[in-house]
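Hi everyone, thanks for coming. Let me put today's structure up on the screen and then talk you through its surface and its charges.

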Amino acid sequence: MVRVGDEGGGTSEGNNDGPYVHKVGVPPKQGLLKEIKFALKETFFHDEPLKHFKDQSKSRKLLLAIQGVFPILDWAKCYKLHLFRGDLIAGLTIASLCIPQDIAYAKLANMDPQFGLYSSFVPPLIYAAMGSSRDIAIGPVAVVSLLLGSLLQKEIDPKHKVEYQKLAFTATFFAGIIQFTLGFFRLGFLIDFLSHAAIVGFMAGAAITIGLQQLKGLLGVKTFTKKTDVVSVMRSVWTNVHHGWNWETCVIGITFLAFLLLTKYIGKRNKRLFWVPAIAPLISVIIATFCVFITRADNKGVQIVRHIERGLPSPSLDQIHFTGSYLVTGFRIGAISGLIALTEAVAIGRTFAAMKDYHLDGNKEMVALGTMNIVGSMTSCYVSTGSFSRSAVNYMAGCNTAVSNIVMSIVVLLTLLVITPLFKYTPNAILAAIIISAVVGLFDYKAMKLIWKIDKFDFVACMGAFFGVVFISIEIGLLIAVAISFAKILLQVTRPRTAVLGKIPRTTVYRNTQQYPEATKVPGVLIVRVDSAIYFSNSNYIRERLLRLLSDEEENHKENDQSRIQYLIVEMSPVTDIDTSGIHSLEELQKSIQKRDIQLVLANPGQTVLDKLHASEFASKVGEDKIFLTVGDAISTLAPKMEP
C-alpha cells in the first residue's frame, strides 16, 4: 500500500531513521445509489432547501411549504409600523421614477404607453408575495423592452397593433414559463453560463443602441429606420438633417436631457440627494407637458403621446397564441427575452442581498419572476424584471421589505385610473431624454477596464458582445456573448494548465517554478501538477503535454550533463475527477515512459480519483507503493539522495 504522509517528524515502519510516510489506503467503497444521491444533491440541492422541514409535524411542514412559495406570509407576521415608513417613502420615490420610464420603455417595445404602466402594476404585486428580495424594484427595463421590440417587429409590423400585442403577450407568457421552469427544477445554474464580461459588453452595446434609437424622438425625425445597428441608425439621422429635424423638438429634448444628466451627477456626488435624480424624470414630464400645452407646440411639429388608455388592464389570456404559426415564434422570443430578464434580475437581487447581508434563493427568485410574467401576460403586461436604477433608488430611499413594490403598484394604479389624460401633451422628446439618461449607466467603462486588466479572453468576450450589438443587432450580440462564453469554457476544459514544480528553499513545499523562480528542481525527477479534472475532452492533451515536458526536461539534462530522469511525479491535488478516457491516457503515459525506463508516480489523488484508479485496477499497475499523499513524501521515499 502506498505510504505517503506528514512531512513532520516521526518514523516509518521498518525504518527508524527516515521521516514518517503515511499510507494511502483504498478508500471505503461508496454504493452506487449513494453516489447518485450525492451527485444529485450537489447539483440541484446544494443549499439544502428542505433542511428546515426535518423533524417537523405534517401541519408545520405544510405551513413551511406555503411560506416557501409565498415568503410574504413569513415576514408579514413580524412587520411593524416603523418599517412601513421606510417602505412608503421608497415606494413613492420609485413610483415617481417608474411612471415616466414605463411610458418611455413601452415605446421601446413598440407598444402603447399604458402597457408599460400595466407592467409596473400587476407584476410587482405578484413579486411582493412570492419574491425573496427586499430591495429589487419590478417593472419594464430598457434592454428587455428594446430586445422584445426588435424581435417582435421582425415578425409583425407594429402598425398592426392587435396582432403585435398578441405576439407580445405570447412571448411574455413563455418568458414566464421558462423562468418558472428553471426555478422549479432548480436549473438556475444554467444562467451562469453567460459570463459577467459578456453581460457587461452586451449591456454597454444595448445602451449605445437604445441611445441612438432615441435620436428619432429627441430630434423629431418622422421617417426612421427599424434596424438597430449603428450604421443604419446614423444613416437615417443624417439623411433627415436638412428637412426631417424639428428645432422645437430638439430644444425640448436636449434641454431636458441636460437637466436629467445634471441631476444624475448631483445624486452620484452626494448620496443623500438620491431623491433628486429619482424625481427629475417626473418633474421633466410635468414641465415639458405644460410647456407644450400652453404653446401648442404640437401644431408646430412637436410629436406628443396624444392618448394613454385610462383604467385597469384588461384580461388578455384569450390573446395568447397556444396554437398556430405564432406559437413557436412566441416561444423563441420569450426564451431570449426571458433569459436576459432573468439574468438581470438575479444579478441585481444578489447585489443588494450582499449589501444588506441576507440570503437570496436564486431558484425561488426565478419561480417568482416566472409567475409574475405568466400572470402579467394574462393581464395585458409585457416582460417585466428587476430594474437596477429603480432598485438602487429603492435601496437608498430606505426600503425594508417588498411592501415598497406594493406602494409603487398602488401609485401606478391611481395614475391609470385618474392621471393618464394629463399625459396627452407629453412630448416624445422628453421620453427619449428619460430613456437616454436612464441607459447611460449601463455603459460601465470602469468594469471594461478592470476586465482588460484581469483577463484578456474575458475582454474579447466583452468586446464581441458589445460590437455584435452595436454593429449587427441585439440578438446577434447576445448570440456572440453566449458563443464566446462557451468557447472560453471549452478552451479551459480542453486545454487545462499544467505546472512544473520545484522545492521552495528551506521548506518541504513544492510550487510552480514559474511563479517561484527560486524553487529548485529535484535532480532525476520531473514533478508536474495538472490543474484540472481529466476527462475525455482533455485526456489526450494532458498525456501529450506531460510527454512533451518530459522530453524537454530530458534534453535539458543532457545539455547540462545531469543525471537522467528516473521518476515522473504527477501532482493530482487539483484533479477533482477522472473518467475512463483519463485513466486510459494515464495507462498510455505509463507505457510510454516505461520504455524510457522512467517510473510514473502519483501524488495526492482525491477520493473520487482514487476510487476510480482502484476500480480500474490502474492503481495496482502503477504500484500502490508509487501513490503518495504528498510530493514531499514521494521524494523522501523514492529519491532521498536526490532531494535538494
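Predicted model: local features only at pLDDT ≥ 70, side-chain atom pairs only at ≥ 80, totals over all residues.

I'll start with the overall picture, then go on to patches and salt bridges.

Residues are numbered from 1 along each chain as its sequence is written, and side-chain values use heavy atoms, with hydrogens and water left out.

So, the overall picture. We have 26 helices and ten strands, taken as DSSP runs (H or I of at least four residues for helices, E of at least two for strands) and numbered from the N terminus. The C-alpha trace spans about 100 × 70 × 55 Å along its principal axes. Of the 644 residues, 52% are buried, meaning under 20% relative accessible area, with exposed being over 50% and partly exposed in between (1.4 Å probe, protein chains only).

Now the salt bridges, that is, a Lys or Arg side-chain nitrogen within 4 Å of an Asp or Glu carboxyl oxygen. There are 17 of them by that rule. Take Lys154 and Glu475, which pair up at 1.9 Å, N to O. That one links distant parts of the chain, 321 residues apart: Lys154 is in the loop between helix H7 (142–153) and helix H8 (161–184), while Glu475 is in helix H21. Lys154 is exposed at 51% relative accessible area, whereas Glu475 is buried at 16%.

What does Glu155 pair with in a salt bridge? Its partner is Arg332, at 2.8 Å, N to O. Arg332 belongs to helix H14 (residues 326–356) and Glu155 to the H7–H8 loop, so this pair ties together parts 177 residues apart in sequence.

The positive one gathers Lys264, Lys268, Lys271, Lys446, Lys449 and Lys453. Helix H19 (445–454) and helix H12 (247–269) each supply at least two of its residues, and the largest share, three residues, comes from H19. Lys264 sits in H12.

Last one: Phe189, Leu190, Phe193, Val482, Phe486, Ile489 and Val493 make up a nonpolar patch on the surface. Val482 there is part of helix H21 (residues 474–494). That's me done, so over to you.

Technical notes: Patch = residues over 30% accessible without salt bridge, like charges linked within 9 Å, V, L, I, M, F, W, Y side chains within 5 Å. Areas by Shrake-Rupley, 256 points an atom, 1.4 Å probe, with all protein chains shown as cover. Lys, Arg positive; Asp, Glu negative; His and termini not counted. Charge placed at Lys NZ, Arg CZ, Asp CG, Glu CD.
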